Amino acid sequence: MAQESPKNSAAEIPVTSNGQLEDSHEYSFNRNLKCSLPVGLGLSETKITSHGFDGAKEGVVEAGQFPSKGSSVSPTSSVVSLSSAAASRLTGQGCDLITSTRGRAQQKSGPVVLADEVKNPAMEKLELVRKWSLNTYKCTRQIISEKLGRGSRTVDLELEAQIDRLKDNKKKYENILRLAQTLSTQLFQMVHTQRQLGDAFADLSLKSLELHEEFGYNADTQKLLAKNGETLLGAINFFIASVNTLVNKTIEDTLLTVKQYESARVEYDAYRTDLEELNLGPRDANTLPKIEQSQQLFQVHKEKYDKMRNDVSIKLKFLEENKVKVLHNQLVLFHNAIAAYFAGNQKQLEQTLKQFHIKLKTPGADAPSWLEEQ
């Protein structure tokens, strides 16, 4: 390869006849190569040798010898000789190829990936708070308007009557449940007293020989009454547990759905009123987008209201069927147990418990119930 005379890097820039830079492939390569070299190392101090596309040292950059400090010897000239394939590859790399004059290894800067803009969580929360505040304001205004008699209210007469009847029945069932619990507590105390009285009579019958038979009769009577009382107490507690499940779980679950339905009804009326007010106003370029947005919100809350009304109707229907079935069995149990106990029919009392699959607990087998602790 021929050795050329040293030239200044600026002298290597070719120009056209009109004085403008020639945007040729070689100039683009020289400009990119100059950008890739370290500071203080120009193209005139560099030699790039190429031995063809298949060469082992294709595109190798060799730095010339620099003179020592204070020396007047000029730097060794360099020759740029590069095949078109190697030049194309080096030009594509651009400024990623860095060659150190002190024998440092070549380094390549990795590609820079610009990630998509991440949404700010604070802004999302602020938007949610804004929507919630606006919805709360509209619903509060609707409720106040209804209480003052100024706002209109959507009413389903048949459904509202069923809801009112359910709420009234719940209060009555709670009263029955409270009275049954009181009866159970009092009966438990009476059975406990009868058992203690029977033990006292039995003890005296053993110590008083002249009244042995009289004390023995009374001891047997009190123990029998205590046993029958325990049987009746089991039936009453079973009645209490079933009614408690009906009132505080089944009916309460239905009333929770009713509350959701009432909230959906208030939202529906609030957005309906808002849409009606916008429709009564002027229609121009500023109000038409607001009317369209209000129409969309109204449609969303209308669908929600219709869905909740359908859910309440279905739950009320199933609740009524379940309530009739449960109360029918429990009322028959309560009546038969009370009648057999006060009639002194021990056999019928035990048969009533077998009919409803009620098993009495053995005294002392389990820990005392909440009723026994009171």
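**Exercise 1. The whole chain**

Among contacts in the protein chain between residues at least 6 apart in sequence, what percentage join residues at least 24 apart?

*Solution.* Before counting, note that this is a predicted model, where local features need pLDDT of at least 70, side-chain atom pairs count only at pLDDT 80 or more, and totals for chains, interfaces and linings use all residues. Residues are numbered from 1 along each chain as its sequence is written, and side-chain values use heavy atoms, with hydrogens and water left out.

- Take contact to be heavy atoms within 4.5 Å; the share is then 72%.
- Now list the elements, using DSSP runs numbered from the N terminus: helices are H or I, at least four residues, and strands are E, at least two. The protein chain has eight helices and two strands, in the order α-β-β-α-α-α-α-α-α-α from the N terminus on.
- Of the 374 residues, 31% are buried (under 20% relative accessible area; exposed is over 50%, partly exposed in between; 1.4 Å probe, protein chains only).

**Exercise 2. The faces of α7**

Work out which residues of helix α7 are buried, and how they sit around the axis.

*Solution.* 

- Start with the range: α7 covers residues 346-355, and Leu349, Thr352 and Leu353 are its buried residues.
- Look down the axis of α7: these buried residues fall within an arc of 95 degrees, so they line one face of the helix (the arc is that of the directions from the helix axis to the C-beta atoms).
- Recall the helix geometry: an α-helix has 3.6 residues a turn, so residues three or four places apart point the same way.
- Ask what does the covering: α5 (212-280) and α6 (287-343) are included in what covers the buried residues of α7.
- Finish with what follows the helix: just after α7, histidine 357 has a positive phi of about 55 degrees.

**Exercise 3. Helix pairs**

Describe how α5 packs with α4 and with α6.

*Solution.* Axes here are lines fitted to C-alpha atoms, for helices over the stretch in contact, and angles run from 0 to 180 degrees between N-to-C directions.

- The axes of α4 (residues 157-207) and α5 come within 6 Å, crossing at roughly 160 degrees.
- α4 and α5 are therefore roughly antiparallel (over 145 degrees; under 35 is roughly parallel, 65 to 115 roughly perpendicular and the rest oblique).
- For α5 and α6, the axes come within 8 Å and cross at roughly 165 degrees. That makes α5 roughly antiparallel to α6.
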